[in-house]
Structure formats: structure tokens, C-alpha cells
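Some labels used for a structure follow from a value and a cut-off. The questions below take a few such labels in turn.

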Amino acid sequence: MTDSAGRSVLDRLDSAAGPWRTPRWGTIAFLGVIALVLPHLLLRFGAGTFIVHMLILFFLWSVVAQSWNLVLGVSGIYSFAQIAFFAVGGWVTALLSMNLGWNPWLSVLAAPLAATLAAILIGLPTLRLRGVYVVLLTLAFHELLGNLASTGPREITGGGYGLIGVPRFDFGPLSGLGHLANSYYVALISFVVATMAIWRLFHSPIGSAFSALRDSEGYAVGRGINQFRIKLFLFGFSAFFTGLAGGLMTHYLGSISSSVFAFSVLINVLAMIVIGGWGSFGGPIFGTALLLGLQEGLRDLADFRTLVLGLALAAVAVLAPTGAWPKLRDGFRNFLDQPGSGDPDLEEPTEDRSAETEEGPRLT
Amino acid sequence: MRPVLQALWGGILSGSVYGLMAIGLTLIWGTVRLLNLAHGALYVVGAYAAWTVLEILGLPLAAAIVAAVVVAAIFGYGIHLLVVRPLLGRAGWDSASIIATVGVAIALTAAALLIFGPRVKQIPPVVPGSVIFSGVRFSYQGMVIVAVAVVSLLSLFFYLANSRQGMAIRAVSQDMDASALMGVPVETTYARVMMISAGLAGLAGVLLSSLLFLSPNSGFAPMIIALMVTIFGGLGSVKGTIVAAYLIGILESTVQVYLGGSWSLPVLFLFMIAVLIIRPNGLFGVTEAHRL
């Protein structure tokens, strides 16, 4: 238990009772070594370049999906503004580095700050309101920024083509590794940092506060949880990493245009969360990998892809509301040991949450 | 005088169509407690159905309007069967239903794109020509649209107020359990509301597509504005929605006349935020705070 916020409470709590958990360092170290070595192995092969590119996209998009899941799935705020925050991050760092000549390493730090600021500005009026209102205002915000990006002043938005020729990262003495491998490491670091932060948040007092708010609002408010403050914090927190991913993506691809506001982008990320398993911790990560893989695998389907995605979204929402990840995880656990004999310490609290949403009435 | 008149006429015209869209949303919200984000897709379904009848079968516009309403209503019933009924009464209804309707919207839009292609289409006006009154052009087509919309809204209003089915709808929206105990068929009422609402979206689709262009994505913008109208009028309130539709229509067209078209969305957005801060329940809303 390394969390400083949790430490004072730990003495009074059984380690299995609360959400204060330590990660499994062995698994993480194992995955970390693989992730570090992977690009060097892959780049020796011809097709490796493409796979490394896809991995970069995976890292960045899964940061977005995880942050959105935090808002949409975990705390039940129906916000559709996440792509707008992504775009805000991208635009801010692109403008700073192109027009003001900032170093990309410096300007990309401004991206998450700008996105958080935007989130707080939009969150202040909306988050006091309930479900439907949030859907409307965030969708309208998305639409508004999209309109602005395609029709706004040309020196800011870049017009129809967007901003092209955004300076890329300069890796200085490390550039011997190659730009792609270096970009991979940058994306990997941001993915790890974001995932760790979100994991920490999941398993913290704030994490239990927002799942309490989602599952039984009256009870949570009665226990003195400030709903508005928690929601605003989450909104800003998720926008922070989304903006960072937007900034990194812009520098990696070297451009950003109003096409980021296209409905298909929003749908793709939404599908990552919902199909992967919203409200669970691993769901969005798994969903990102699944959808990026499908995107390549189903390239022949072309126009039918969106149709399939839409149907899949509806089907998952109706038939398997928990999504793919919790089912896979439980299946794997059952395979490893017989159900019921599991050590309670090993069961993640997210599992209980997803089971509740699926089955029946909670605290009323 | 001329810009004022122009803004007024434009507002009444678009307000009528927004009213048709928004009434459907508010009905579903009031009775089923469903935020139907597939409403814009139903608009597109109706418009393409009408276009097919007009351009491919070569039938008159009256037949096209009927086709739009009927086809959209059938799709509405389909959504009821496939999405609403399996989800009803389940925990997590809010989130699951929103995502499911988003999925339906995506699938319908993609299907329209596959069948009809990305090229924009236009539904030809029934009665070409216009009359010019103190410098403002009033097209006959616009008058037909306003007339059809107003007649539909009025008949819906009387249907809800006086008919047995309408009373059943209102009873269910007030208290589902009580009306079920009184022998109101709740399931059937839900299905009926879904069909009426979808039919109205289809009607809005055929009417507005004779003024604007029709493409697979063209239902999105009207849906956003219809959502604003519903919320401004107070979710679940029919009277409030109709008043709000015309107010928003007039506001939008005033902004377009005086500031230019690209300002209408930002101004509407700021207006909505202001309204929600000052009157969170809309114009005629009754303590909606506890409904979701």
C-alpha cells in the first residue's frame, strides 16, 4: 500500500475490505519488459514498422478510452465531449509549436492543461444537471467546436485541411534509435502513467465515492459525498489525459484537422469502451486493442464496418451490458481455479460492480 | 421591418419542424423514460422513404408523406421490440438504453449510406413558386410545411388530451405502476408512443428535406436542436415543447438574419446554458429534477 491518502485508513481496515489495493508487481514487470523490448524485435521484420505504428495508436487511443470510461462508465456522467477535449489538446499544442515556435516538448505539456481548463469550463454549468442535460450540452459542445474548426478563422483552425506540418518531437541524442521507436516509447510512457493514475483513482477513496454515487446516489450524498465536486474532479482528471493523448497524437501524426470531430471517431472510441466493457478497469484497454485490430482485419468490409459497429454497440448494450472484458476475465479465472474457491484477496472490486449492473436491483 | 419579418417567418418555418421532432422526443422521455438518440436516424429514414416514393416510384407528395410516416413508425416499433422491451425494468436502464439507441442510430445511418450513397438528395417542392410581401419571400412550400406541421401538432394535442389512448399515455407517464394496476396496457402504450414519436420524426424528415438537402447524416443537427427544444420546454411537457420550438426557431433565424448562419449554433448553445442555470426545469417543467 503505497498510496499516501490511503495509509492513514489502512490501520483500521482489513486489506481485503477496502478498495486500497496494491498492483501485482510481478505481472507489471513482466509486461514492462516485453513492452520495452518489443519494438526492437518487431523493427527487424518488414511488417514490424506497421505493427509498431499500430501499437502507438493503441497506447494513445486507449488513454482516451480509459479516461472516457472513467466519466461515462464508472461514474455514469453521459458526457460526449471527450473527443472535443482530445481536439483541444491537439490544437493548442499544434498552435503553440507552429505559430509561437515553442519546442514541441514544452507545448505538448500545455495540451493537458488546456483540455482540463476546457473541461472545467464546460463542467461548471453542466455537471450540476442530470443525465439528459449532460448528453445535450456535451454533444452540442462537440458540435460547436467541430463547426468552429471547419469554419473558424483560418490562421487558428487552418481551414478545411486543418493544421499541417506540426513539428515532430526532436529526440536529440536518442534519435539514433529511430523516430518510430522513440515515438513508441513516448506513447508507452504516457499510456503507463495514465493507466497507473487511473488505476490508483479506481482504488482510492475517490474511486469508492464515485461508484457509490453511481450505485446509490441518495446513500452517497447522505454520507456526505459532495456530488458536484467529485464529478467536476473526474471530468477534469479524464480531460487531462485525453488532452495529453491528443497533443501527443498531433505531434506524432504531424497534423490535426476538423475530421477529428467526425461522428465516426466518436463512435469508434465509444465502441472501444462499450464492447470492451464499460465501467470495468481493463475493458477500455481490451476494447481499444480489439477495435484497432478489427479495423485492420475488417478493412475489406469498408462501408459495412460502421453498420457492424452500430449493431454491435446496440447488441452489447442489450444482451451483454458488462461487455467483453469482464466475461473473459471471469472465464479465465474459472478456468484457473474452480469457482467459489478463489482467494477473496484476489478478486477485484470492479468485478462486483459489473455483476451488480448486470443482475438486479441494488440498494434502494 | 423587412429583416424582422424575415426572421419571424424563418423562425415559424423551422420552429414547426423542430416542434415535430421535439414532441416525439418529449413523448418518449415522458412515458418510457428513454432518451432516444436514434431520433435523428428516424428522421433520415422517413426522408429517404419519401424520396424513394417520389423519385423512384413517381407517386405524388401526399403518398410520400404517408410513406415517410409509416416507414418511420415501423422502424420505431422495431426499436421498441429490439431495444426497449428487452431492457425494460432492468438495472442500469439509463446507460444501457442510451448506448443502445446510439448504436441503432449509427447502424441506421450507415445503412442509409450503403443503400442511397453519400450524394446529397433533395425532395422537390410540392407547390413551386412564392409570394413576395414587403420584400420577404414566402415560398408556398414553406406554407405547406407550416400547415402540415401545425395540423399534426394540434391533432396530437387533442389525441393526448381526449382520446382513450392519449389518456393511457398520460396515465403511464404519470405513474406506470398505478396505471398498470388500473388495467392500462403499459407495454402496448410504450409501443404506441414509440411509433407515434418515430412517425413524427419521419414527418419532420420529409418536410425539412424539401427545404434543406438530404444526406445520411442530416438527421443529427435537427436532433440536437430538438433536444434543446425539449429541454428548454421542460422535459415531458407537450405544451412547453411546442412553445419552446417556436421560440427557439425564431431565436435561431433572428441570429441567422442579423449575425449570419455560422453564429446560430454558438448562440443557441450559450442560450441553453443560460436557461439551464436560471430555470433548470425548462419553461413548463414540473420538478423534473427527480426524474433521472
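Q: Where in chain B does Arg33(B) lie?
A: The model is predicted. In it, Arg33(B) belongs to the loop that joins α1 (2–32) and α2 (39–56) of chain B. Its phi is positive, about 60°, although Arg33(B) is not a glycine.

Q: Why is Arg33(B) called partly exposed?
A: Arg33(B) has 18 other C-beta atoms within 10 Å. A buried residue needs 20 or more, and an exposed one has 12 or fewer. The count of 18 falls in between, so Arg33(B) is partly exposed.

Q: What makes α8(A) and α11(A) roughly antiparallel?
A: The axes of helix α8 (residues 179–202) and helix α11 (residues 227–253) of chain A cross at roughly 175° and come within 11 Å. Angles over 145 degrees count as roughly antiparallel, and therefore this label applies to α8(A) and α11(A).

Q: Which residues of α8(A) and α11(A) meet?
A: On the α8(A) side they are Ser183(A), Val186(A), Ala187(A), Ser190(A), Ala194(A) and Leu201(A). Their partners in α11(A) are Phe237(A), Phe241(A), Leu244(A), Ala245(A), Leu248(A) and Tyr252(A). This contact has 10 nonpolar residues, two polar and no charged.

Q: How many residues does each chain bring to the contact between chain A and chain B?
A: Chain B brings 38 residues and chain A brings 37. On the side of chain B that touches chain A, at least two residues each come from α3 (61–87), α4 (93–116), α9 (220–233) and α11 (264–278) of chain B. The most come from α4(B), with 15 residues. That side of chain B comprises 32 nonpolar residues, five polar and one charged.

Terms used. Residues numbered from 1 in each chain as written. Chains lettered and ligands numbered in written order. Predicted model: local features only at pLDDT ≥ 70, side-chain atom pairs only at ≥ 80, totals over all residues. Helix = DSSP H or I, 4+ residues; strand = E, 2+ residues; numbered from the N terminus. Contact = placed C-beta atoms within 7 Å. Nonpolar A, V, L, I, M, F, W, Y, C, P; charged D, E, K, R; others polar. Axes fitted to C-alpha atoms, helices over the stretch in contact; angles between N-to-C directions. Parallel < 35°, antiparallel > 145°, perpendicular 65-115°, else oblique.
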